[in-house]
Amino acid sequence: MKNQIFLIAQKELNDVARQNSLKILFVIITALLGFSLYAGFIVYKQQLTILKTAQDEKRAEWLDQGDKHPHIAAHYGTFVFKPKTLLSLFDFGLDSYTGTSVYLEAHYPHEFMFRPVQGYGNMIRFGELSAALVLQLLLPLLILFITFQTFTKEKETGTLKLLLSQGVTLRSVYLGKLLAYSLIFLMITVPFFIGLYILGVLGNTRAVLSDLGLRIILLFFIYTLYLVAFTNFSIWISFKSSSARNALLTLLIFWIGTGIILPKTSANLGETLYPLSSIKKFKEEIQNDIKNGMTADESKEKRLAQLKARYLQKYQVDSISQLPLNFQGIRMQEGEEYANKVNDFHNAILDERFEHQNKVGSLTSFIAPYIAVRNLSMALAATDGYSFNDFKEKTETYRRHLIRTMNKDMAENSHFGEFYEYKVGRNLWKTISDFRYSTPAVTQLFQYYWMEFASLSLWVLAIFILIPSSNKNKIL
Amino acid sequence: MKLISLLWWREGFSIIRNTFQMLLLFTTFLLGIYAIYYGYSKIEAQRKTISYVEHIEREEFEKYRKSFDKSPVSIQEKHFFDIASKPSYAWYRHEYNAILPPHNLAHLSLGQRDVEPYYRKLTGMSLYYQLFENELANPLKLFVGNFDLSFVIVYLFPLLIIAFTYGLFAEEKEKGMLPLLKLQTIGLRKILIIRMLFYYVLIIGLGVLLSLIGFFLSKEIDTLSICLWLLTIICYLSFWFALMFFLISLKKNSSSTAMSAASLWLLFLIVFPAVLNIYAAVVYPIDNTTIADITRRKGLENEDDLKEAKAVIYEYLEHREDLKGADSLLDTNVMAKTYAAFTSLNDHHNRQEVLDYLNQIRLRKKWISLFRWANPAVNTQGIFNEITRTDSGTFQSFYQSIDSFHKNITSFYHDKLFMNKQLKQKDYKVIPQFNLIVENTSINQTIMRGLIEVMGTTFLIFSFSLVLFKKITL
């Protein structure tokens, strides 16, 4: 049986090689893949230089800001720029739609600014060419064109009956075809991912991405599974269809429906079901909670009175001017801590909304495997929403640490009532280490993307169900 | 005429009998309805936010105005009256909003309204500190884009055209009808054109029907926009019919025609724009890190140093010749004046950097727009956005209008602050108003140019195919 499968696979490959239009398409797709990778690499390199220069500049500005009061330094603050991950050259993911820099200062956790999408015209909404886009949408179309008449033609010309009458099982024919067409896309993906692996793991790259090697291997497996599932589905449709025309129409509808229409409708539906508030209201609610408190006895005045009482009692003094610490610093930090609590509360609600919105898409991935592979691909490239959130959280932790250090110094070293008289310098600025970012371990992705993994696994499992069994030789 | 009605009846019957084609039509119609609903709900949400923002602003200024009616008693009232009457507080406490209201047809083509901010809170503080805040948005949703009517027309309608027409010639051949048809006195080309015309009327009719439903939801009827919208649909869909006519003229079998049509669809709607976008990013990289710094909140190193403070004010007054005499009034409200001068100077110093950044964007957009004519799909999407004023150009105008609005706000307060004048109740009648300056004539010219380009391409393809059909023999 093995020999039969190989023979059939060889025959299929010869057939494909004879069709000039398919050869041209194959070349076009390979060229697009090469171009997208090259362009992705250039953009990655450009951004890497820009971001590194900017980050170094901001670090120098922080260290060389001169002597000043720590609270002024906390407002002067610093900036963090979202680093490009190496795999962003393969899959840009949401990089163009998330902000690229954030200003870290006291009191206000600013939103990320400058979405790169704002730097294009209307055309950007048609998408950017990345290697991931080629593998997710264009390669399946090539597979579709190659496979749609694989069975229908055999049925029309009668060769299938001939084969079966010679003792070849339907299963062998099916598997032979699956093997042949899988080899075609593997001819593209294997060298591509080996190249990416060499570039990423062996090349000298800045380590923003954790588990880079593992990520590339996982990417290879995910794309292989996706393309095998797609190939199998196409062959099955050809097997089930009465004519080549019907097979082609069904497959094209599937490709457009699951690759273009469903991803958009599901995301839009998610937004309709879980609408977002405006930034104006969002910020107002936060400011309101900071001022009036999240519960009735937590208003700004009450919190201050409680803080005062606590410190007077702790140090057994009658007035805050007698405290061994500068109460202004204590008060500022208390304000920060409460604002952090309020911000965390509101951000958690917002993140939950985003998650609900995205879950609609994840659920749709059971019908549309494209969504599963798209989400997993950007997750592995660390250009997805969760990676962005992780980066955002880490910048916020860094901001809080910076402000806490400034307030602590003010409380411990300056006197009550003095402000401009008290100055600190580089020695304090140095205690804030430079911001370094590394993505979370790849294993953490499973908790966010289990639905996508499940969807892709189901599509692959379908192979075993769809492949005709060896004792079934009835032609449909 | 008899022939036309005969062939059209035949096509009509064949559609009704063909469940697949009926399903396609019905699905597209339903998707169109959902797209209109989605666009409408999105724009309604923006309208609500806008009216909320406007309401807050109106209420706040009304309170300021009314605070002059009676003498303040409590500490809170006194503080509020200070904010209402003293420019030293008012210049940074009074909050204005610059608003880009949605066009009447914005729900049909959302364009950049989800990506770009459509309202901006402004005080007399540094413009750039306030200019770059983004609206809340799910990045995945922004990436996927909007399912609005323009998407249905630009992406899905061509597929409908392909599905209905790819087999018009080849299927007759495959069914063995061709020899029979050739026996007729009417040419094959004529029969084909008449049959295509049936689908032309049907599909354009569907597009017009959906648009009418969309227009029905508009707050006001704007005849010019409606006419342009309908004309755009006709031009764009004509282009796809011409393209299909070209493919049919090649007289390949139905599968080849369908494959070529799908490939062309992919080329125009995905590959071509995607390649251009990434190439634009390579050729015109944009560095926004340089202007990140201008959003930084800066202050004086030492507020107690009067000499430093006055130096800042003098520097500012050098740029404000209209505030003659203000330098002799420095001793009142020194700190407020210093900060007002300081932020204005900051904006002044940073202006060039911002202009350079905006210029980088302008150059990239200009380069991308050079290729617009070559892709009717991109061209049409651009036209739809321009008709509904959701295009990136309109947002650029919005930014520019914000710039001059901010200038008006600062002048309004600075004039009083530096001349030691108080705000009076009557001043609230002349507070700065946001004026959106959109160059309608230039937008309409771009629309017309776009339409002519699509029409030109359609005409060329159609004429070429007419000749080709005759030349290619089976």
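Residues are numbered from 1 along each chain as its sequence is written, and chains are lettered from A, with ligands numbered from 1, in the order in which they are written. In this predicted model, local features need pLDDT of at least 70 and side-chain atom pairs count only at pLDDT 80 or more, while totals for chains, interfaces and linings use all residues.

**Figure 1. Overall build of chain A.** Chain A contains 17 helices and two strands; helices (H or I, at least four residues) and strands (E, at least two) are DSSP runs numbered from the N terminus. Its C-alpha trace spans about 105 × 45 × 40 Å along the principal axes. The radius of gyration of chain A is 30 Å, whereas a compact globule of 476 residues would have one near 23 Å. This radius is taken over C-alpha atoms, and the globule rule is 2.2 Å times the number of residues to the power 0.38. Of the 476 residues of chain A, 44% count as buried. A residue is buried if 20 or more other C-beta atoms lie within 10 Å of its own, exposed if 12 or fewer, and partly exposed in between, with C-beta atoms placed from the backbone.

**Figure 2. Overall build of chain B.** Chain B has 18 helices and two strands. Its radius of gyration is 30 Å, well over the 23 Å that the globule rule gives for 474 residues, so chain B is more spread out than a compact globule. Along the principal axes, the C-alpha atoms of chain B fill a box of roughly 100 × 45 × 35 Å. Buried residues make up 42% of its 474 residues. Of the contacts in chain B between residues at least 6 apart in sequence, 85% join residues at least 24 apart; two residues are in contact if their C-beta atoms, placed from the backbone, lie within 7 Å.

**Figure 3. The contact between chains A and B.** On the two sides, 71 residues of chain A are in contact with 70 residues of chain B. Helix H9(A) gives the most to the side of chain A that touches chain B, with 13 residues. That side divides into 40 nonpolar, 21 polar and 10 charged residues. Here Ala, Val, Leu, Ile, Met, Phe, Trp, Tyr, Cys and Pro count as nonpolar, Asp, Glu, Lys and Arg as charged, and the others, Gly among them, as polar.

**Figure 4. Crossing of helices H9 and H13 in chain A.** The axes of H9(A) (residues 244-273) and H13(A) (residues 369-380) come within 8 Å and cross at roughly 75°. That makes H9(A) roughly perpendicular to H13(A). Axes are lines fitted to C-alpha atoms, for helices over the stretch in contact, and angles run from 0 to 180 degrees between N-to-C directions. Angles under 35 degrees count as roughly parallel, over 145 as roughly antiparallel, 65 to 115 as roughly perpendicular and the rest as oblique. A:Thr258, A:Gly259 and A:Pro263 in H9(A) meet A:Pro369, A:Tyr370 and A:Ile371 in H13(A). By class, this contact has four nonpolar, two polar and no charged residues.

**Figure 5. The nonpolar cores.** The largest nonpolar core has 169 residues, and those with the most contacts inside it include A:Ile143, A:Tyr226, B:Ile161 and B:Phe241. A nonpolar core is a set of buried Ala, Val, Leu, Ile, Met, Phe, Trp, Tyr and Cys residues joined through C-beta atoms within 7 Å. Helix H11 (residues 223-249) of chain B supplies the largest share of this core, 16 residues. A second, separate core of 33 residues includes A:Tyr103, A:Phe327, A:Ala411 and B:Tyr128. Not counting residues up to four places away in sequence, A:Ile143 touches A:Tyr181, A:Phe185, A:Leu227, A:Phe230, A:Thr231 and A:Ser234.

**Figure 6. A:Asp67 and its contacts.** A:Asp67 lies in the loop between helix H2 (20-63) and helix H3 (70-76) of chain A. Because A:Asp67 has 13 C-beta neighbours inside 10 Å, it counts as partly exposed. Leaving aside neighbours within four places in sequence, A:Asp67 is in contact with A:Lys423, A:Val424 and A:Gly425.

**Figure 7. Two loop residues of chain A with positive phi.** A:His107, not a glycine, has a positive phi of about 70°, and is placed in the loop between strand S2 (101-104) and helix H4 (131-147). A:Gln316, also not a glycine, has a positive phi of about 50°. With 7 C-beta neighbours inside 10 Å, A:Gln316 counts as exposed.
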